[in-house]
Amino acid sequence: MLEYEFMRRSFVMGIIVAMIAPTVGYFLVLRRQSIIGDTLSHVALAGVALGMITNVYPLYTAILFTVIAAVGIEYLREKYENYAELSLSIVLSAGVGLASVLTSLGNTQGILSYLFGSLSLVSNKEIILVTALGIIILATILILYKKLFYMTFDEESAYLSGIPVKAINLYFSILVAVTIAISMRIVGILLISSLMILPVAASLIIANSFKKGLLYSIVFGVISVIVGLILSYYLNLASGGTIVLTSLILLIITIIKDIKK
Amino acid sequence: MKKKIVEVKNVSFSYGDNKVLENVSLYIEEGDFVGIIGPNGSAKSTLLKLMVGLLKPDSGNIYLFNKPVNEFKNYNKIGYISQNAREFNKMFPATVEEVVAANIYTKGILPKRIKREEREKIDEVLKIVDMDKYKERKIGNLSGGQKQRVFIARALINNPRILFMDEPLVGVDIESQNKFYNLLNKINEEFNITLIMVSHDIGVISNKVNKLFCLSNGKVYKHDLNKDMKINLKDIYGENMNILFHRH
C-alpha cells in the first residue's frame, strides 16, 4: 500500500488533519459551538466553486471564504447576542446560496472530489501547504492552551483575569476556518465536521481531565484516519466516508464499554 | 477611616428601552462584606457586572481602587465568580486542580510552566476552602457547594483584595450554605478580603453581611447592619413579604 506515492501522501495529510480537526473540535464542542463546523464547511464549498470557475487553486479560495465567514460569524454573534445560533444559520444560508449559484456559472465538474474527499488527487503543493498550516494551528493552540481552557470553562472570569478574550475568540475562529478548508481534501466538505466532533464525543466519555480529554480526542482522530485509510484502500471504499464511519464505530465501542462498567 | 475600594456614581443602565438602573450611587469600603439583594429582574447581576467592567454604564462612573473601571488593569486584585461557572455539565472534563490553576499566568502570550511554588499554592488554597482531598476529581462531579468552594480557591490563588460573587448559592442545600458562609467569614476576617455577593435569599444573607444593598425599581437602598434596624420589605418585594428583622 505504501509503495504508492498517493497513499504515502494520503497518510501524511490524513494524520495532520486527524490531529488538528479533533483539537479544534474539542474546544468547539465544549463551548457548545460544534455546529460551526457544518456552517463553515458549506461556505468552503462556495470557495471551492469560485476557485474552479476562476481558475484559482480552490484551497486558497476556500480558506479565504471560510476565514471571512468565521469573522462574520463572530461579528453577527455580538449583534444577535441572545440568538447567537442565528449567526450560524445566516452564514450557512449565505454559503449554500453562493455555492449553488457559483457552481452553475462555470465548469465545476471536479467539485464532487471536494464534497466527499479525494485523496488520489492530493498534490505535493497541497501537502506542503497543509503541513505548514497544520503545524501553525497545533502550535498556536498549544501556546494558547491555558487561556483557551479558561475561556472554555468560564469566559467572563477569563476576561476578568486579564485574558484578551475578544482577540483570542477571533483568532480561534480563523483557526477553525483554516482547519475546515485544509481538511476538506481528506474527508470531504460534507464530512469534515464529523471528524471534528466524533473523536471528541468518544473522548468525553472516558476523559477525567481537560488535558487527557484533548489527548484522547487526538488519539481517536488519528486511529480513525489510519484505520479508515487502510480499510478504504483494501476494500475499495470512499476514504472520507470510511474514516468517519471508523470514528463512529470507535465512539460506539467507547459508549458500550462505558455502559458495561 | 476605611478606604473606599468600589465606588458607583450616578450610574444608569438600560437593556434596550428598559431602564434597569437609574442614577445609582454607592460605595464599598475595604473589609466590607456586602450583600446585594432584590427581586428577580432587579438588575442585581447587572450591577455586579458593571462594577467589574463586564458591562458599560449608559451614564455615570464606576471606580475600582480609585481608578475608572475601564482603565483598571490590575486583575490580580479582583476575583470574580460568575453565574455561568456553575452551569457547565457533568461531562466537562476538568479536574479541580486544572480549574484552580487556570487563574495562574493569564497574562502574556507565551505559556509558562507552573512552578513548584505555584503547585504548593494550589494545595494551600484548596486547603483553605477544605477541598484539598478533591484535587484530582472532575469538577462536574462535585456538588453545588463544593464547586463554589473550588471557585473561591481559584480566585484566592492570586491573593485578591476583593471578591465578587454572582448568586453562588443557587441550588445549594442549607448545610452547605452554612459551610460556605463560614468560609466567606474566614476569608473576610483572616485575609481581609472584601466580599460582594449577589443573592436572592435575603433571609440568609442579611444575617451574614455587614452591608446590604437592596435593589428595587432601578433604585438602590443601603442598609448598614451595624445598628438595630428593620426594613420594610413590602416596599421592595410587594405585599406578600412580611417585615423582616435583621440580626443586630
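Trainee: In this predicted model, what pLDDT does chain A average, and where in chain A is confidence lowest and highest?

Mentor: The model is a predicted one, and in chain A 100% of the residues score at least 70, with an average pLDDT of 88. Within chain A the mean is lowest, at 82, in helix α5 (residues 111-115). The highest value in chain A, 94, belongs to α10(A).

Trainee: Which stretch of chain B has a pLDDT below 50?

Mentor: Chain B averages a pLDDT of 81, and 83% of its residues score at least 70. One stretch falls below 50, although in the model it has 19 contacts beyond near neighbours in sequence. Where pLDDT is low, the predicted coordinates should not be read in detail. The stretch asked for is residues 239-248 of chain B.

Trainee: What ipTM does the model score, and which helix gives the largest share of the side of chain A that touches chain B?

Mentor: The model scores pTM 0.85 and ipTM 0.82. Between the chains, 22 residues of chain A are in contact with 23 residues of chain B. On the side of chain A that touches chain B, at least two residues come from each of α6 (124-153), α7 (155-160) and α10 (210-235), and the residues of that side divide into 12 nonpolar, 6 polar and 4 charged. The largest share, 7 residues, is supplied by α6(A).

Trainee: Is A:Ala181 buried or exposed?

Mentor: A:Ala181 sits in helix α8 (residues 165-187) of chain A, and beyond its neighbours within four places in sequence it is in contact with A:Ala44, A:Leu59, A:Ala62, A:Ile63 and A:Thr66. The cut-off for burial is 20 or more other C-beta atoms within 10 Å. Because A:Ala181 has 30 other C-beta atoms within 10 Å, A:Ala181 is buried.

Trainee: At roughly what angle do the axes of α1 and α8 of chain A cross?

Mentor: Helix α1 (residues 5-30) of chain A passes α8(A) in a left-handed crossing. Among the residues that meet are A:Val17, A:Ile20 and A:Phe27 from α1(A), with A:Phe172, A:Leu175 and A:Ile182 from α8(A), and the residues of this contact divide into 12 nonpolar, 3 polar and 1 charged. The two axes come within 10 Å, and the crossing angle is roughly 145 degrees.

Trainee: In the hairpin of β1(B) and β2(B), which residue in the turn has a positive phi?

Mentor: Strand β1 (residues 4-15) of chain B runs antiparallel to strand β2 (residues 18-29) of chain B, and 8 bridges join them. B:Tyr15 stands opposite B:Asn18 in β2(B). There are 2 residues between the strands, and the turn residue with a positive phi, about 65 degrees, is B:Gly16.

Trainee: Which residue of β4(B) is the bridge partner of B:Val6?

Mentor: β1(B) also pairs with strand β4 (residues 59-64) of chain B, in the antiparallel sense and over 5 bridges. In β4(B), the bridge partner of B:Val6 is B:Leu64.

Trainee: Where does B:Glu167 lie, and why does it count as partly exposed?

Mentor: Most residues other than glycine have a negative phi, and most peptide bonds are trans. B:Glu167, however, has a positive phi near 45 degrees. B:Glu167 counts as partly exposed because it has 19 C-beta neighbours inside 10 Å, where burial needs 20 or more. Its place is the loop between β7 and α5 (174-189) of chain B.

Trainee: What is the phi of B:Asp130?

Mentor: B:Asp130 is in the loop between α3 (116-128) and α4 (144-156) of chain B. With 14 C-beta neighbours inside 10 Å, B:Asp130 counts as partly exposed. B:Asp130 is not a glycine, yet its phi is positive, at about 60 degrees.

Definitions and conventions:
Residues are numbered from 1 along each chain as its sequence is written. Chains are lettered from A and ligands numbered from 1 in the order in which they are written. This is a predicted model: local features need pLDDT of at least 70, side-chain atom pairs count only at pLDDT 80 or more; totals for chains, interfaces and linings use all residues. pLDDT is the predictor's confidence in each residue, from 0 to 100. Two residues are in contact if their C-beta atoms, placed from the backbone, lie within 7 Å. Helices (H or I, at least four residues) and strands (E, at least two) are DSSP runs, numbered from the N terminus. A residue is buried if 20 or more other C-beta atoms lie within 10 Å of its own, exposed if 12 or fewer, and partly exposed in between; C-beta atoms are placed from the backbone. Ala, Val, Leu, Ile, Met, Phe, Trp, Tyr, Cys and Pro count as nonpolar, Asp, Glu, Lys and Arg as charged, and the others, Gly among them, as polar. Axes are lines fitted to C-alpha atoms, for helices over the stretch in contact, and angles run from 0 to 180 degrees between N-to-C directions. A crossing is left-handed if the near helix is turned anticlockwise from the far one by less than a right angle, and right-handed if clockwise. Two strands pair if DSSP finds at least two bridges between them.
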